[in-house]
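I opened my notebook to look up a few things in this structure. The entries follow in the order I made them.

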Amino acid sequence: MFKKIFGLAIAATLFLSISTQSKTYANDIQGHLMVHELTYWANLDVIRPDAKGNYNPNRAVTRGEFASYITRALNLPVSTVHVFKDLKPGEDRTLEIQAAAGSNILSGYPDGTFRPNEKITRQHMAALLQRALNYSNVPLSGAPLTFKDNNKIDEQFKSAVATSVYYNIIRGSQTSKGIIFDPQGSSTIAHASAFLYRMNATIEQYAPGADEDNEGNQGETEVPPTAPPTNPSSYYIAKLSNGEITKNPTVYFNYEQAESALKGASAQLIFKGDKIVHMPSGIASAADTAANTVTIYADKEFKTQLTYAVEGSELKYYSNTEDYAIVQLADTKGYAKMNEVTLTPTSLIKGNNEYFVEGGFLTHRTYNHVTQKSYGVYVVGEAPAFMKPGTNYYSQDGVNFYSDVLLTKKVGTHYPYFQFTSLRQHSNYTAEELDTMIMTILAERQATGQVRYANATTESRLIGMGALLKQVEASHNVNALFILAASMHEGDYGISVNSLEKNNIFGIKVYDSDTTLGTAYPSRDESVMAFLNQYVNLNYAPQSGKFAKGVAPGNKTAGMNVHYASDPFWGSKIAGHMYRMDNRFGQKDYNQVKRAFVANNGDLVNARAEASATSTKLFTYQSKNVGETAVFGYPVAIVEEMTGDDGYVWYKLLSDEVPPSQYVWVRSDLVKVIPNN
């Protein structure tokens, strides 16, 4: 009934506003913060002007005025059941107050008066609004009261205030002490117009039959009311049950208020607009941002960067506040800005990165949480003995493996060989053998029939690169198979646009935010030299480098992958290329070196010229976060071991430094040996 009456009134709004607005209240309402609500009710003759044509929006509203507003807004029937001794019989205001009383929306004082000229308090307004909703058959739901001045709300009005809060009709006020309701305070005519406007919207949405606009549709199935429009800057709490989210329509004005309400309700989630900003458990992921990446910081002030990952990347979730989430990328735990992450409760997870055994190989299926699609499957290396075929395993770092998606049930630790082998270890393949690898793989790519590989065997920039690979391996001390694997991965086997048009086979200066960028080189060989001189041997391998985390492909905790690529699996993909080539073309490089980590979480480790603490210090391994499970450090290769004059066992390591430096000695108690497969 209510919506039909109001539908006719709204239809008349345009005519009324054109004929009256500029004449009667242009100097009184126009430009006011609540001009929309005031104009709406003025056009419907609910709020009326004074003798001078002014609406006085900033004047405190009285009890009598607010009662009249409700009567006109709801078109309440005439009633003489209640008579108040301080009202003059027959006057319009008296009839309107009596109509509201007859509809059980208001009552007077025990002495028989109504006191129409007194300012109405906010808690009294809440009571009248609750009764108006009840009159319109709106369910009287209530929200937890989290105002800082809850104790000042009279007990008899708390239910009414809770209903107004639930339906977002009367909101609190922000103060230096937090959100308050101010129950004994008064409100202006403008505020009254806003409260009535929200009451109207609630009735139209939640009253039975509110979806019926004419007599012709009375026989149709009633459509359940939908949630109110979401304000992207407001907070809501929600219940999660059987994979379904039910959002409470109550609006909270800050995270603290919503968090407080969550504690007293059977809800688990907090939303800011449509974004989940609190959950009891689940996973986090890198959100779709302008930069296309999420950064992980060592501190909640976001000053010290640890690593970063491309959008859609999966993160282990610990907890969060309004400003940051505590997450883990690989084995690195840190802080991420809340606007850079997406939270997904456990029951709503649609996909994951998964590891499984296929043909004896450790196989990885990657998943993008932005597109919610798998984006590739590749072989990392030999599968560890603790993994069984037909079972999915989960890991953040590709080393610690779990049986559950939340990474709480660990089943084993496994270091893929090439992923954590020092790149200072030379390959055993000759230039001719490397060229054979290249041409065989290119021919297979071409045979797939994919358009981009149609001329791979004649156009790829990798053709004939074997001699160069062995030459730079000797002069720059970087593994030839690694350089080849990196070019295959970054340059799409030498046929990417950057490879063909710019001779850029490593994707140098191609960024997530703009993949069309990329440095152009006069030749393919100069691209190789730039990769080695400006990246590997300048910033990533030596301890003096800006991004020194170990000279191995690695992951987001150890090795080049920490800073080199936003793809958290860049290191394992490079290692996968190396393993697949080696496994197929001779197995000359697998398990050829004793691997280890220099593990110095918070300490400095000196690398010396000889096996003695008094020997010349060649360089120092800087302190490094070894990860949450303490299984990482700087990847190194052990060449020899001996007992020094000091009684300690010392390891001879391939030096991280650039040539001509080749070997260093480090005390064995500062080194953690990685078992080979």
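**Whole chain.** I began with burial: 54% of the 677 residues of the chain count as buried. I am working from a predicted model. Along the principal axes, the C-alpha atoms fill a box of roughly 110 × 60 × 50 Å. I noted 16 helices and 25 strands in the chain. For contacts between residues at least 6 apart in sequence, I found that 63% join residues at least 24 apart.

**Helix H16.** Next I turned to H16, residues 570-585. Its 16 residues reach 23 Å from first C-alpha to last, close to the expected 22 Å. How many of its residues are buried? I found 12 of the 16, so H16 is largely enclosed by the rest of the structure. Among the buried ones I listed Trp570, Lys573, His577, Tyr579 and Asp582. What covers the buried residues of H16? The cover includes strands E15 (361-368) and E16 (373-382), and helices H10 (431-447) and H13 (480-490). After H16 comes Gly586, with a positive phi near 140 degrees.

**Cavities.** I recorded 4 cavities of 30 Å³ or more.

Definitions and conventions. Residues are numbered from 1 along each chain as its sequence is written. This is a predicted model: local features need pLDDT of at least 70, side-chain atom pairs count only at pLDDT 80 or more; totals for chains, interfaces and linings use all residues. Side-chain values use heavy atoms; hydrogens and water are left out. On a 1 Å grid over the protein atoms alone, a cavity is a set of points where a 1.4 Å probe fits but cannot get out, and a pocket is an open set with protein on both sides within 12 Å along at least five of seven lines; lining residues have an atom within 4 Å of a point. Grid points are joined across faces, edges and corners, and a volume is the space filled by probe spheres set on the points. Helices (H or I, at least four residues) and strands (E, at least two) are DSSP runs, numbered from the N terminus. The expected span of a helix is 1.5 Å times one less than its number of residues. Buried means under 20% relative accessible area, exposed over 50%, partly exposed in between (1.4 Å probe, protein chains only). Contact means heavy atoms within 4.5 Å.
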